[in-house]
Amino acid sequence: MANTPPPSTGTMRSQVHVLPRDRKINAAFFRRLGLLAGPYWLRRGAVLPWALFATGFVCNAVNAALGGFMTKWTGDQTNALVAKNVDLFWPLTITIGVAMIVSAAISWTSEFATDYLEVHWRRWLTSLLVDRYLDHRTYYDITVDRDIDNPDQRIQEEVAPLCKALVQFPPALMAIGFSVSVQVALLGRISPYIAPAIFTLAAVRFLSFVYVYRPGIGIAWDIKIAEADLRYGVLHVRDHAETIAFYGGERAERHQIRVRLDHAVRQTIRHALNDIRVNFFIKLFQLADFVLPLIFVVPLFLAGRIEYGAIASAATATMFIQSALGGLERLIPTMTSVAPNVVRLAQIIEKSNAVRAVSAAVTPGQHSIDLRRGGDTIRVERLTYKTPDGERSLVEDITLELSPGRRMLVAGQTGVGKSSFLRVLAGLWTRGAGRVEVPPSDRVMFMPQKPYMMLGTLRSQLLYPHEPDGCAITDAELLAVLARVRLGDLADRHGGLDVEKDWARLLSLGEQQRIGFARFLLARPTHVFLDEATSAVDVPMEAHLYALLVEAGATVVSVAHRASVIPFHHLVLDLRENGWSLQPITTGDGRSPSLCLVSETTR
């Protein structure tokens, strides 16, 4: 149990540290942004996104033009009011009112196009990330390497705010550019000096905001990681609720959650203090925006060089400029807050690319196991396998052959690599040397100690990893298979085959293991690898389940510790720290079963 404060640059679960270059807006950041945005906009069939973008562009341009007309009309309206020109004042008032309604309608259209584009992009990007997460078993490499923290949180929580910010950014810049340009041009007609002054102020304003917002990127990173740590601490209690209850560990869990909470609060306070500093600059420049036009316009009016309406026009233009630049002020902190999202989401794609590259570049025999799929016989030739990081060899120089229908028990001391041997046969571990031949993946089933219970119905559990849609297996067949694994009342007990429940929580581990055997009976694989797949059932039930394997005639490689499973196998692969041995199992009548062995050597 972690009792120390979580580090500010990594999660407590994986101790992943954020590199300094990842906390900056640099070339690597824009390259990663391209990984996320480029495929969406540059793919074939991206007509809808571009149409929505064009809608926003046109709306912003039209609104900017309307803003210019309203600025001019406001000046004319003020002059008409001063001159008591009723015939001119009311038509201008009505015109300005209609223009405001039209501008609002255009703004609503632009907002709808932006919102729809945001949702569309989120769906596309989430699908892309899920595909890359599952592609080439990237999810498995992430779990083994532990170099990416909380991939589930990244995909679920960080895509939406990123898409929202990226979709809003170009229209906001266009609106600012259009509006400021039009209004400054109108102010320039009042005074030739006001346009350069406003542009200078805008440049100083932009550079100042970049400066004051710069620490916000690091703060956003720290908040993101601190919140992820807090979330993981709470989820950890949920995932280990029973064990914690047995230990009575509530006090320790309360402490570790409070440590994470305190750290998250500290980062939030840092963010609040930085916002105070930023808001000071915002108020300062808002005052300057208001005062600057008056400095240039009022003296001209007092000198009789312009009409009073020009002051109203300047005030209206200032209002539009402040509104546009205010959008930039709101946009910069938004972009700052999602900068970590760009890095964290792109890292999933980068990991997927790395896994693909390694898979394509690996040459069998060069620090990797030559795994080949095909045929019915399992062959292992001079196999040496290591831990995924390559730091430690587990077992060396294994050679054996297991013909169809034969069953082999893998036994040995704890930690010598029994389960790892199954991972090698499944192609999950590739570090080492030697050659392995196994049947194609669609003819092999892996049955772990804790079967995977997917989210869905009981029917989905039984048919996993196949989808229930289009499956030709009838309800009667499913119920018959449940009866064969001694779960005949399971469907009736829980409301039928098509009721969705949290099966991982609802079923005991022993029941889940029997579901695993039911999957075997339904899928009918020719080969099955078992890793303590009966550890949670009693010995009579274990004998019944293994008898189902024998009856089916499957080729079996089984990891187990109980001596009671020995009679169901033909031979034993005994793994030890100083070597291995492969020996036949003598049956009850004293005869050895027929074996097909290349080597029966003790090392």
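How many of the 603 residues of the chain count as buried?

1. Overall picture. Keep in mind that this is a predicted model. The share of the chain's 603 residues that count as buried is 45%. As for secondary structure, the chain comes to 17 helices and 12 strands. If you take the contacts between residues at least 6 apart in sequence, 76% of them join residues at least 24 apart.

2. Helix α2. This one runs over residues 47-82, which gives it 36 residues. From first C-alpha to last it reaches 52 Å, close to the 52 Å expected at 1.5 Å a residue.

3. α2 against α6. The axes of these two helices are 9 Å apart, and the packing angle is about 20°. Angles under 35 degrees count as roughly parallel, so α2 and α6 are roughly parallel to each other. The crossing is right-handed. On the α2 side, the residues that meet α6 are F53, F57, N60, A61, A64, G67, G68 and T71. Facing them in α6 are P170, P171, M174, A175, F178, S179, V182, Q183 and L186. Sorted by class, this contact has 11 nonpolar and 6 polar residues, with no charged ones.

4. α3 against α6. Helix α3 covers residues 86-134 and helix α6 residues 159-190; their axes come within 9 Å and cross at roughly 135°. That angle makes α3 oblique to α6. This crossing, too, is right-handed. From α3, the contact takes in T114, L117, E118, W121, R122, L125, T126 and L129. From α6 come V159, A160, L162, C163, K164, L166, V167 and Q168.

5. A99, in helix α3. Is this residue buried or exposed? A99 has a relative accessible area of 5%, and the cut-off for buried is under 20%, so A99 is buried. Leaving aside neighbours within four places in sequence, A99 is in contact with L66, M70 and W73. Take M70 as one of these: A99 and M70 are 29 residues apart in sequence, while their C-alpha atoms are 7.4 Å apart in space.

6. S419, in helix α11 (residues 418-426). Here the relative accessible area is 23%, which leaves S419 partly exposed. Which residues does S419 touch, once neighbours within four places in sequence are left aside? They are D531 and V559. It is also worth checking S419 against L530: the two are 111 residues apart in sequence, and 9.1 Å apart from C-alpha to C-alpha.

7. Helix α17, residues 539-552. The 14 residues of α17 should span 20 Å at 1.5 Å a residue, and the end C-alpha atoms are 20 Å apart, so the two agree. Buried residues in α17 are M541, E542, H544, L545, Y546, L548 and L549. As a reminder for reading that list, an α-helix has 3.6 residues a turn, so residues three or four places apart point the same way. And what covers the buried residues of α17? The cover includes the helices α13 (475-484) and α16 (509-523), along with the strands β9 (527-531) and β10 (555-559).

Methods:
Residues numbered from 1 in each chain as written. Predicted model: local features only at pLDDT ≥ 70, side-chain atom pairs only at ≥ 80, totals over all residues. Heavy atoms only, no water. Helix = DSSP H or I, 4+ residues; strand = E, 2+ residues; numbered from the N terminus. Expected span 1.5 Å × (residues − 1). Axes fitted to C-alpha atoms, helices over the stretch in contact; angles between N-to-C directions. Parallel < 35°, antiparallel > 145°, perpendicular 65-115°, else oblique. Left-handed = near helix turned anticlockwise from the far one by under 90°. Contact = heavy atoms within 4.5 Å. Buried < 20%, exposed > 50% of the residue type's maximum accessible area, 1.4 Å probe, protein only. Nonpolar A, V, L, I, M, F, W, Y, C, P; charged D, E, K, R; others polar.
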